[in-house]
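Open the model in your viewer and keep the sequence panel beside it. The tour below tells you what to select at each stop.

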Amino acid sequence: MNLKNSKFYKRIQELRHFSKEKIRKSREQRTRVSVSRALDMALSEQVCSDREWFSSEQSPTAEPASPRRRVKKFRCPKKKASVGQQMDDPYYHLAGGQSSGGNSPMQAEAKLQGLIQLNNTTYRVDCPTRVLNPLKINDGGPEDRSGSDSKSTICVTNSRYAMIGKISKTLGYRLVKESKLWNILWSDSFPGVELFKNMKRFQQINHFPGMIEICRKDLLSRNLNRMQKQFPQDYKIFPKTWMLPADYGDAMNYALNHKRTFILKPDSGAQGRGIWLTNDLKTIGAHERLICQTYIHRPLLIDGYKFDLRVYTLITSVDPLRIFVYNEGLARFATNKYVEPTPGNSNDLYMHLTNYSVNKRNSHYELCDNDDCGSKRKLSAINNWMRRHNYDVDEFWSNVDDVIIKTVLSAWPVLKHNYHACFPGHDKIQACFEILGFDILVDWKLKPYILEVNHSPSFHTNEQVDREVKRPLIRDTLNLVSTSLADKRLILKEDRKRVKQRLLKIRGEPPAQRHRLNGGISKAKIDVKTSNPEAKASGNPVQIEAEPGDQGPLAQQIAWEDGHLGNFRKIMPPPDLAKLAYYSRFYAQSNQVSIFAETAASKKREDLARKMRIQIEEKKAKQQQMLNGKSKRESRKRLAVMLPRAVREKNRMSLFRMRENWSPGFISDAEERLRHTWLHMRSEAIRTLKITENIYSTLYESGHLTNTDMVVYPHLYHNLQHGFDIRQNP
Ligand code: ADP
């Protein structure tokens, strides 16, 4: 019986065809869904390509995902504003102008989609938003969690501030331990290099390696002094500073010629500990490790009190440098009315220091819920006060921004180098972000001076004013950092695949080359020089459509940040092209000159290196000479070898014959007799002049007679032993 004609066989064939068709259709559908998801999650254009997404979904190396997890991941996108509408909004043309940032009414719900201009190139970007309800931003109450990405995790176990964990939770972050695969690690202290190096490509940490360069008083002074030497006019942003004991001579010299008060601080101190004022530097020991600074004796006073500003600054990337300043901050007041320093009042720390930790101990410390009183006030209150007193507030803040940018730029080469050394493959998002607390003192002419930079500014919320400033600050920071741009699962899968490929040494197609997220700085730096002059003049860079995927992650991150500013303002890169050009020379200069070029130790090292270089060069020259000599001989040999064989053979034979035919010449009897006579005369002379005895007795007297001398001339020795003078005739 022919089975193929049977009904049963036909039915089976039908069913097989049907199921094949079904599988194909379901695959197609899944691919479509995955692609739209990938776009929604604003992965880079590369990642968004449907094939890669599909293949990664199908990857045999992937962990079997539970159906629940799958549903969570492929949740429907939030309501979107229409693309056309967004494109028309100037907010979406992000570079070259200040974006409307957190104030955009569309921001709360819209998916950020549009064009971004970067280095004269226009990129198409597509980012999901995760923004709070703007109405709730400043009230400190519970936030809208609907927009947040619930899968992001944060580790706050290394932070003593409970507020960080609480706010993260309300933003939809899951709190995890350090041993888990966190998205963000928030730590109060600088982590070790090992932690930096072991970070995955979707992880972010709240410190940059190398930020210590501006966060320790001595390093900050060194960097700023170095920049001041190179740019004396531009770097008048801090009081004259010496690092003792290295600069003791310079400081004494200055003190001799200027009648000034100096403030002395421990080189790595904080919270006003160990600070004192003096106008006599001779009282300082020549070996004390201190920071000596000229005292700003005419500060700006409000209600007769001295104050300083705590300006919160967020750095999200060092290459390219991206700096944001929080519009709200704190002004910390001294608690005794200010009088210019005299020997009588210089011990009054409540008058001269503005630290909270010092002044809270004073009974005059004022707690106040009103904006215009209290020993701690908001920056907005200070701005209002300035406006009331006809100060130019915009100009003042532009000067503060300038001080902040220049301070960060002074350590930029180190920051950039360290970042690339620690995160060579972090290509999806920036590995670090950091909130820095800049302490700024303002003088009576409204000129801001940088006093100190804190890498872990206090997030204690003892007073209402603290809560009003610090809570929104943390919230806006967590919104601005771009964790959601990196897909944890996808990155882990990619990494596993890479490891597997490496282990199995799979040949063939190399893994897709990673985009350098931070490859834009060199472009950004030269942007101003190379860009079209017309475009520069008009302030409107040329628009070129970029290749899809080109600098994708960087463009995505920049778009994300500009779309999630909250109460931050972006100061670097500055919106103004002229300013960008101005700052670019500090990049270039600080890049060329070694940061360590000015220290005494480095000078010594340089000297030593120079000497060693000279020695090595001399040695090399000698060796070369010797080699040259050798090579001459060798070349002669080589030349000989090059003679024709017949000639060589002839030469060899004549030499042989010469040697063979040699015989001693003829010696006559007369010559021989003469030779004997001369020998006899010589022996006679030696004997009569007693030359042997003379030499022998000299050697005997000086103790240089050897055993052989004693054995060969025993009679001389014997005579000398018995005290005879052998030089005399017997
Ligand atoms: P710390 O890290 O210990 O707080 P700071 O450098 O911030 O040290 O100085 C503490 C306080 O001393 C500042 O808040 C400021 O009020 C005052 N101060 C510091 N340097 C100067 C200066 N050069 N001129 C005037 N006041 C200063």
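This is a predicted model: local features need pLDDT of at least 70, side-chain atom pairs count only at pLDDT 80 or more; totals for chains, interfaces and linings use all residues.

Residues are numbered from 1 along each chain as its sequence is written, and side-chain values use heavy atoms, with hydrogens and water left out.

**Stop 1: the ligand**

Select the ligand and the residues around it.

Now show polar contacts (pairs of N or O atoms within 3.5 Å). The side chain of lysine 265 has an N or O atom 2.7 Å from an oxygen atom of the ligand. Glutamine 293 places a polar side-chain atom 3.0 Å from a ligand nitrogen. At isoleucine 296 a polar backbone atom is 2.9 Å from a nitrogen atom of the ligand. How much of the ligand does the protein bury? Alone, the ligand exposes 530 Å², and 99% of that is buried by the protein. Such areas come from the Shrake-Rupley method with a 1.4 Å probe.

**Stop 2: the second largest cavity**

A cavity is a set of points, on a 1 Å grid over the protein atoms alone, where a 1.4 Å probe fits but cannot get out. The structure has nine cavities of 30 Å³ or more.

Elements that give two or more residues to the lining include strand E8 (262-266) and strand E17 (448-454). Strands are DSSP runs of E with at least two residues, and helices are runs of H or I with at least four, numbered from the N terminus.

**Stop 3: an open sheet**

Find the four strands in the order E4-E3-E5-E6, paired in parallel. Two strands pair if DSSP finds at least two bridges between them. Strand E4 (174-175) and strand E6 (204-205) are at the edges with a single partner strand each, so one side of each has no neighbour in the sheet. Select isoleucine 184: its bridge partner in E6 is glutamine 204.

**Stop 4: backbone details**

Most residues other than glycine have a negative phi, and most peptide bonds are trans. Aspartate 303 has a positive phi, near 55 degrees. A cis peptide bond joins aspartate 319 to proline 320, with omega about 5 degrees. Another cis bond joins methionine 572 and proline 573; proline 573 is in the loop between strand E18 (568-572) and helix H21 (577-592).

Terms used
On a 1 Å grid over the protein atoms alone, a cavity is a set of points where a 1.4 Å probe fits but cannot get out, and a pocket is an open set with protein on both sides within 12 Å along at least five of seven lines; lining residues have an atom within 4 Å of a point. Grid points are joined across faces, edges and corners, and a volume is the space filled by probe spheres set on the points. A polar contact is a pair of N or O atoms within 3.5 Å; within protein, one must be able to donate a hydrogen and the other to accept it, and residues adjacent in sequence count only if both atoms are side-chain atoms.
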